Amino acid sequence: MESIVVKVNLPTLGVVSINFRDISAEVVDLFNNIREFSRQKGIKHLGLIAEVFEGSSHSRYEYVMLQCAFVDLVENQYKGSPNIALGGLTINGQEISGNAIIKSWFLLSNFGHTKYTYGDEKSLILFAIKNKGFRTQLLKPIKDKSLKKWCQKVILNYDYSHMNFVLAIIRIYKETFRNVKLRVSLLQVLKLLLLKSDEFDIKVSMEKLEQLKKIYNVIRELSIITIDGHYSHIPININSIAAIISMGEIEKNYNNNSLTKQLKPIISLLHDEIYLNKNVLELQRNYEIESQEVLQTYKSVGLSKLLTLAFSDGLLTDKNTNLKHFARLEIGDDLQNGDDFKLQLKKLEKVRTGCRDTDYYIDSNPISGLKYIDIFLNEGRFNKKQLPALVFNICNFIYELTDDLEDNANYDVDIVLDYAMNLSNKYNVDIEELSHLLLAARKLTYPELNRRYRENIIPLFKELLWSVMRYFIDEKYFLDIDIHTKKYPPFNFKLNEMSNELFLEKFDSAINNENNFDRAAEIKQLKRSAGRQFEGYKLASLTRITIYDLSKPPGSRIVTDIDSVLIKVNKNNFIIEFHETKNTKRKQESNAKKDLRNKFVNVLNTNAKGYRISGVKGMGAKLVLKINSDN
């Protein structure tokens, strides 16, 4: 087939002419026949994200053309290079240019993206995970066994970043109904990108294929940073042309992977600040929930019509959200256990016990490896009576993560100890005596466990404490903590099984290590309240919290501060105390009450209705809010 030249105006590159030949020309010809490029011009590359970040309105067409333009730049710059030259790849005896293969990968990747990108694609994959009949019908058009198996794995593993390829394969079968030869060629090209070498029966140089796949991945990441960075609020951009020109020298000097490593921190930042932004996830999760009702009609309406809707207009036209972000838990590698996605959903469903007007979301940053669990409130239905159950359930969820923490920390140690136990019979060792020795050896891991606990579990309880506080503070105010010491931790927590004495020892340590007499007095007041018996969890902030109104001039932004906070919670009861201490000889209680009443009360929202202010004899006062799920 003759080559096809497309002229396009692109960000950072200007007007460029892109040459499509071999298999990529056949893909472009198919796209022209079914008006695919017209569809992509009407799709925002970031999908639902563009609804939150309105400036990020670039189209998917711009994105795919930028990728293809970069392919030409790489080819022109590195002809003859042993590591980067695109050259050609012989597939089952037929040579195809590397340029055409990589462009085909990009074209077909975008062929599978829906109107609202991850909005529709995550909705489809979630519904497919939960509904086997839908999943079977969705994959029914795919006749190739190896591709169908790969697609099933993508869905069941909630690998939504590859759902576009699943949908692309389905569309290939549909749009090449009368051109079987083209279908075979397109599926063959996708197999080379998606499948492992032992999963396809195609004669090809694996070394050359891996080189092309590596270049494909570098260009993909470079394109994401170039276009999403250009149109977003992130103050980071990249000179893509300079990156391509210097790629050869970088790859030669740094063992073929340095440029990729240099790009990954920026990709990670884009995930954290844009793709996983809390406001974005509010909209995303609401879209998923409401679109599930649309997908429920697949038997009556027809799956084909629903897919057509997803590609043309999106599964939903009304993209308003009733969800309000409540809390985010960051789950690091030490807390991840390899559970499949369906089991993770089942565990998280427990968080909604007794508080059904809530929802949750699981996602991850593929670069940093962090998993994010976001908890949402349904603004129209959630009420304070559900708060005790919600906070208690989240505490339980965090507490149960300690099992995964211990399993991960002791994994290698346990293998060695189990091996030693298994050898006891062979060497006629007394099992009871060996058990005592191995138990003593295992205790040597406790310092490491304690370190991992401090780094992984405590921050989750801290974030929960802050989330609960924000629930009662008007949105226009900003909270900041005063980390005034390094000699004791700023937060203290009592878990269900922890003794009250151990909990209070941390207050004593803080008081003894505090050189500021006013601050020591504030911790003493907090300790008095924290020491009272309570069956459940206790979360305490030992730091002073400053509250700002950032809409005011810099010199007038501090509204008030609060000396310490205590939360007590069990299944049915929730108590939060905001403490104000006066380290003076007289009028401690009346002056502290006055500060709370005249300053702190003004920053509270309507969720704090029903509070009471009471004195703490000889110390100050506290604002207390009690919520009982039965009242």
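Start by selecting Ile245, which sits in helix α12 (residues 240–245). Helices here are DSSP runs of H or I with at least four residues, strands are E runs of at least two, and both are numbered from the N terminus. This is a predicted model, in which local features need pLDDT of at least 70 and side-chain atom pairs count only at pLDDT 80 or more, while totals for chains, interfaces and linings use all residues. Residues are numbered from 1 along each chain as its sequence is written, and side-chain values use heavy atoms, with hydrogens and water left out.

Ile245 is partly exposed, with a relative accessible area of 49%. On the scale used here, buried means under 20% relative accessible area, exposed means over 50%, and partly exposed is in between (1.4 Å probe, protein chains only). Which residues does Ile245 touch, leaving aside neighbours within four places in sequence? Show Gln77 and Tyr78, and you have them. Contact means heavy atoms within 4.5 Å.

**Zoom out**

Show the whole chain for a moment. It has 26 helices and 16 strands, and its C-alpha trace spans about 95 × 75 × 55 Å along the principal axes. Of the 631 residues, 53% count as buried. Take the contacts between residues at least 6 apart in sequence: 72% of them join residues at least 24 apart.

**Helix α5 against α11**

Next, select α5 (residues 98–111) and α11 (residues 206–231). Their axes come within 10 Å and cross at roughly 50 degrees, so α5 is oblique to α11. Axes are lines fitted to C-alpha atoms, for helices over the stretch in contact, and angles run from 0 to 180 degrees between N-to-C directions. Under 35 degrees counts as roughly parallel, over 145 as roughly antiparallel, 65 to 115 as roughly perpendicular, and the rest as oblique.

Is the crossing of α5 and α11 left-handed or right-handed? It is right-handed. A crossing gets that label if the near helix is turned clockwise from the far one by less than a right angle, and left-handed if anticlockwise.

From α5 you want Gly98, Ile101, Ile102, Trp105, Phe106 and Ser109; they meet Leu209, Leu212, Lys213, Ile215, Tyr216, Ile219 and Arg220 in α11. Colour these by class and you get nine nonpolar, two polar and two charged residues. For that colouring, Ala, Val, Leu, Ile, Met, Phe, Trp, Tyr, Cys and Pro count as nonpolar, Asp, Glu, Lys and Arg as charged, and the others, Gly among them, as polar.

**Along α5 to Asn110**

Stay in α5 and pick Asn110. It is buried, with a relative accessible area of 1%. Beyond its neighbours within four places in sequence, Asn110 is in contact with Glu36, Arg39, Gln40, Arg60, Tyr63, Val64 and Gln67.

Gln40 is also on the contact list of your next stop, Ser59. Ser59 lies in the loop between α3 (49–52) and α4 (60–77) and is buried at 9% relative accessible area. Not counting residues up to four places away in sequence, it touches Gln40, Lys41, Ile43, Lys44 and His45.

**Two loops with positive phi**

Most residues other than glycine have a negative phi. Go to Asn92, in the loop between β3 (88–91) and β4 (94–97): its phi is near 50 degrees. Asn92 is partly exposed, at 41%. Then jump to Thr117, in the loop between α5 and α6 (118–130). Thr117 has a positive phi of about 50 degrees too, but this residue is buried, at 5%.

**Helices α7 and α8**

Select α7 (residues 132–139) and α8 (residues 145–156), whose axes come within 11 Å and cross at roughly 145 degrees. This crossing is right-handed. Arg135, Leu138 and Leu139 in α7 meet Lys148, Cys151, Gln152, Ile155 and Leu156 in α8. By class, that contact has five nonpolar, one polar and two charged residues.

**Last stop: cysteines**

How many disulfides are there? Zero, taking a disulfide as a pair of cysteine sulfur atoms within 2.5 Å. Select Cys395: the nearest cysteine sulfur, that of Cys355, is 12 Å away. Cys395 is buried, with a relative accessible area of 0%, and Cys68 is buried at 0% as well.
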